[in-house]
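Here are my notes for you to read alongside the structure. Take them one point at a time, and keep the picture open as you go.

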Amino acid sequence: MSSETNSSDKTPSFEMTWGSSTSSGYCSDEDSDPEFEQYFTARTSFFPKTRKVIAKDESAKKDERTDSVKQELTTPEVLQKVKEYNAQINSNLFMNMNKDGSYTGFIKVQFKLARPVSVPAPKKGGHDVGGRRASGVKRRTSFYLPKDASKHLHISSRTTSREVIEALLKKFTVVDNPGKFALFERSERHDQVYVRKLSDEERPLRLRLCSGPNEKVLSFVIKENETGEVNWHAFSMPELKNFLLILQREEEEHVKQIVQRYALARTKMQEALSGSTPG
């Protein structure tokens with residue numbers, strides 16, 4: 001771990017660059033009880049449209065793994081690879097060796113989340129509208145992160161995937177359970193894209209060093225920790241209410257489109273009937 005650690009002993013040190021602004025959108029629960037959470041979303045559909053693409057990537061992740069993942073490096077080998085790595089980059093995101101044999105450097109993590117993340121709601125004072133002190137109620141605001149959002153983290157060779165996830169969530173005060181997220185490695189080889197889920201104990205900076213700085217060879221993506229069916233019991237009551245509201249809006253929109261489609265077809269049939277001659 002780098003010497004530039006923050007005040008928390010358990011949180012790995014890192015520095016972050018924010019590549020895009022947070023998503024703007026609408027409040028999907030405007031008339032809800034003030035004790036409930038407020039949800040902001042820039043999407044109109046509860047179901048992600050890129051699910052098929054992600055599923056294809058998931059099925060390919062078992063096909064290949066680089067040999068560098070399996071091998072252990074000696075200190076001289078690490079030193080040589082650090083020199084080779086630094087010689088290939090055109091920025092100041094260098095890797096540095098420490099006296100104890102560990103090393104520090106940067107990894108870039110891209111967010112590809114299909115569901116919103118939750119953060120504490122902005123404080124509006126210690127009293128509610130009626131003048132009473134708001135106590136015992138934890139309000140949260142949820143919103144979708146932009147798909148092109150990415151972070152540069154300054155971590156150590158000893159930092160695990162789990163610690164990277166926890167550090168990202170803590171930095172942005174995301175209150176969701178870290179178990180809802182997983183870190184993936186993504187690589188492009190022979191016009192094919194391979195995605196592999198990292199275990200909690202894998203060390204992303206070691207993967208970065210062994211693969212080099214080329215993002216096509218290796219990049220990191222944080223996504224939902226898909227384990228099969230959605231565990232709805234892991235969500236809070238306000239989250240479930242919001243999901244139901246989004247589903248209701250999507251259903252109403254689909255019904256509206258179907259009604260319009262059939263109305264148009266009916267009109268064209270009636271016009272055809274009125275213009276045709278009997279017999």
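**Notes on the model**

1. Let's start with Ile-107. Leaving aside neighbours within four places in sequence, Ile-107 is in contact with Lys-151, His-152, Leu-153, Ile-155, Val-164, Pro-204, Leu-205, Arg-208 and Phe-220. Please keep in mind that this is a predicted model.

2. Where does Ile-107 lie? Look for it in strand 4, which covers residues 103–111. Ile-107 counts as buried because its relative accessible area is 1%, and the cut-off for buried is under 20%.

3. Now zoom out for a moment. The protein has five helices and 10 strands. Of its 279 residues, 38% are buried. If you take contacts between residues at least 6 apart in sequence, 72% of them join residues at least 24 apart. The accessible surface is about 17,800 Å², and carbon and sulfur atoms account for 52% of that.

4. Which residues touch the most other members of the largest nonpolar core? They are Ile-107, Val-109, Val-164, Leu-183, Phe-220 and Ile-222, out of 33 residues in that core. At least two core residues come from each of these elements: helix 2 (75–88), strand 4, strand 5 (117–120), strand 7 (150–156), helix 3 (161–171), strand 8, helix 4 (204–211) and strand 10 (219–224).

5. Helix 3 is worth a look of its own. Its buried residues are Ser-161, Val-164, Ile-165, Ala-167, Leu-168 and Leu-169. What covers the buried residues of helix 3? The cover includes strand 4, strand 7, strand 8, helix 4 and strand 10. After the helix comes Thr-173, with a positive phi near 50°.

6. Next, helix 4. It is mostly covered, with seven of its eight residues buried. Those residues are Pro-204, Leu-205, Arg-206, Leu-207, Arg-208, Leu-209 and Cys-210. Notice that two arginines, Arg-206 and Arg-208, are on that list. Just after helix 4, Gly-212 has a positive phi of about 90°.

7. Is Glu-185 buried or exposed? Glu-185 is buried, because its relative accessible area is 9% and anything under 20% falls in that class. You'll find Glu-185 in strand 8, residues 181–189. Its side chain makes a polar contact with the side chain of Arg-196, at 2.8 Å. Not counting residues up to four places away in sequence, Glu-185 touches Tyr-194, Val-195, Arg-196, Leu-198, Leu-207, Leu-218 and Ser-219.

8. Follow strand 8 to the loop between strand 8 and strand 9 (192–197), and you reach His-190. Asp-191 is in this loop too. His-190 has a positive phi near 55°, although it is a residue other than glycine. Asp-191, also not a glycine, has a positive phi of about 60°. His-190 counts as exposed because its relative accessibility is 71%, where the cut-off is over 50%. Asp-191, at 81%, is therefore exposed as well.

9. Why is His-152 called partly exposed? Its relative accessibility is 21%, so it falls between the buried class, under 20%, and the exposed class, over 50%. His-152 and Gln-110 are 42 residues apart along the chain, and their C-alpha atoms are separated by 9.0 Å.

10. Last, a word on the aromatic rings. The count of aromatic pairs comes to zero. There is still a ring to look at, though: Lys-223 lies over the face of Phe-184, 4.6 Å from the ring centre.

Definitions and conventions:
Residues are numbered from 1 along each chain as its sequence is written. This is a predicted model: local features need pLDDT of at least 70, side-chain atom pairs count only at pLDDT 80 or more; totals for chains, interfaces and linings use all residues. Side-chain values use heavy atoms; hydrogens and water are left out. Helices (H or I, at least four residues) and strands (E, at least two) are DSSP runs, numbered from the N terminus. Buried means under 20% relative accessible area, exposed over 50%, partly exposed in between (1.4 Å probe, protein chains only). Contact means heavy atoms within 4.5 Å. Accessible areas come from the Shrake-Rupley method with a 1.4 Å probe; for residues, only the protein chains shown count as cover. A polar contact is a pair of N or O atoms within 3.5 Å; within protein, one must be able to donate a hydrogen and the other to accept it, and residues adjacent in sequence count only if both atoms are side-chain atoms. A nonpolar core is a set of buried Ala, Val, Leu, Ile, Met, Phe, Trp, Tyr and Cys residues joined through side-chain atoms within 4.5 Å. Rings of Phe, Tyr and Trp (its six-membered ring) pair if their centres lie within 6.5 Å; planes under 30 degrees apart count as stacked, over 60 as edge-to-face and the rest as tilted. A charge sits over a ring if NZ of Lys or CZ of Arg is within 6 Å of the ring centre and within 35 degrees of the ring normal.
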